[in-house]
Amino acid sequence: MQWRRPLSGAVRAGPLVTPNGLVVATTSDTLYLLDRLTGAVRSQLSLPGAVLATPATDGRRVYLATTNGRIVAVDLASWSVTWDRAAGDAVYGAPALVADTLFVLARDGRLWMIPVDAPDAATSHTLDIVGHRGADPIGFRRARRQR
């Protein structure tokens, strides 16, 4: 092991390796940016809820969803919230990023499709399921074709 760093809260989501460092979300509603070589905390950011699943990234931003039903984009360069949207219910699974669209499945079965550069143009569809996992755009396409 190269280094060890205690953080507040449990780490349930997988860490993200980014050009700016290692991004780690915890259940104490905190997002950390760690130095990849030393594990030193470079920065931290308060979040509107706990993150249980691995965030997505496009290299510019980190996209995450919380148990308080928030979908958040964090700019890696400024380490600040770019946008924050309500999901309507808790999100337990990981968001999926496909091209310029973020897919998020809320616990109430609502699938959100959010253009990352125009979050106000987000749309959602009710899938009549309970969402305990992340959004899987490929799986949704396969399921639709099989009906």
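**Entry 1. Threonine 101**

I began with T101, which is found in strand β10 (residues 101–105). I took strands as DSSP runs of E of at least two residues and helices as runs of H or I of at least four, numbered from the N terminus. The model is predicted, and I noted its limits: local features need pLDDT of at least 70, side-chain atom pairs count only at pLDDT 80 or more, and totals for chains, interfaces and linings use all residues. Residues are numbered from 1 along each chain as its sequence is written, and side-chain values use heavy atoms, with hydrogens and water left out.

I looked up the side chain of T101 and found a polar contact with the side chain of D100, at 3.3 Å. A polar contact is a pair of N or O atoms within 3.5 Å; within protein, one must be able to donate a hydrogen and the other to accept it, and residues adjacent in sequence count only if both atoms are side-chain atoms. I then set aside the neighbours of T101 within four places in sequence and found contacts with A96, M113, I114 and P115. Contact here means heavy atoms within 4.5 Å.

**Entry 2. The sheet that holds β10**

I traced an open sheet of 4 strands, ordered β9-β10-β11-β12, with antiparallel pairing. The edges are β9 and β12 (123–126); each has a single partner strand, so one side of each is left without a neighbour in the sheet. Neighbouring strands of this sheet are turned by 20 degrees against each other on average, direction ignored. For such angles, axes are lines fitted to C-alpha atoms, for helices over the stretch in contact, and the angles run from 0 to 180 degrees between N-to-C directions.

I counted 5 bridges between β10 and strand β11 (residues 110–115), which pair in the antiparallel sense. Two strands pair if DSSP finds at least two bridges between them. V104 has W112 in β11 as its bridge partner.

**Entry 3. The other open sheet**

I found an open sheet of 4 strands in the order β1-β2-β3-β4, again with antiparallel pairing. Its edge strands are β1 (16–18) and β4 (41–46), each pairing on one side only. Here too, neighbouring strands are turned by 20 degrees against each other on average, direction ignored. Strand β2 (residues 21–26) pairs with β1 in the antiparallel sense over 3 bridges, and L16 has V23 in β2 as its bridge partner.

**Entry 4. Two hairpins**

I followed β6 into β7: the two pair in the antiparallel sense over 5 bridges. They form a hairpin with 4 residues between them, and G69 in the turn has a positive phi of about 80 degrees. L64 stands opposite V72 in β7.

Strand β7 (residues 70–75) is also joined by 6 bridges to strand β8 (residues 80–86), and these two run antiparallel. I found V72 opposite D84 in β8, and R70 opposite A86 in β8. This hairpin also has 4 residues between its strands, with W79 in the turn at a positive phi of about 50 degrees.

**Entry 5. Positive phi in two loops**

D29 has a positive phi of about 60 degrees although it is not a glycine, and D29 lies in the loop between β2 and β3 (30–34). A99, likewise not a glycine, has a positive phi of about 55 degrees and is found in the loop between β9 (96–98) and β10.

I checked accessibility, where buried means under 20% relative accessible area, exposed over 50%, and partly exposed in between (1.4 Å probe, protein chains only). D29 is partly exposed at 29%, whereas A99 counts as exposed at 74%.

**Entry 6. Aromatic pair**

I searched the whole structure and found 1 aromatic pair. The ring centres of Y63 and W83 are 6.1 Å apart and the planes stand at 35 degrees, so the pair is tilted. Rings of Phe, Tyr and Trp (its six-membered ring) pair if their centres lie within 6.5 Å; planes under 30 degrees apart count as stacked, over 60 as edge-to-face and the rest as tilted. Y63 lies in strand β6 (residues 61–65) and W83 in strand β8, so the pair ties together parts that are 20 residues apart in sequence. Y63 is buried at 0% relative accessible area, and W83 counts as buried at 8%.

**Entry 7. Confidence**

The mean for the protein is 88, and 86% of its residues reach 70 or more. Among the elements, helix α1 (residues 137–146) has the lowest mean pLDDT (47) and β7 the highest (98). Over residues 138–147 pLDDT stays under 50, and the model has 4 contacts beyond four places in sequence for them.

Definitions and conventions:
pLDDT is the predictor's confidence in each residue, from 0 to 100.
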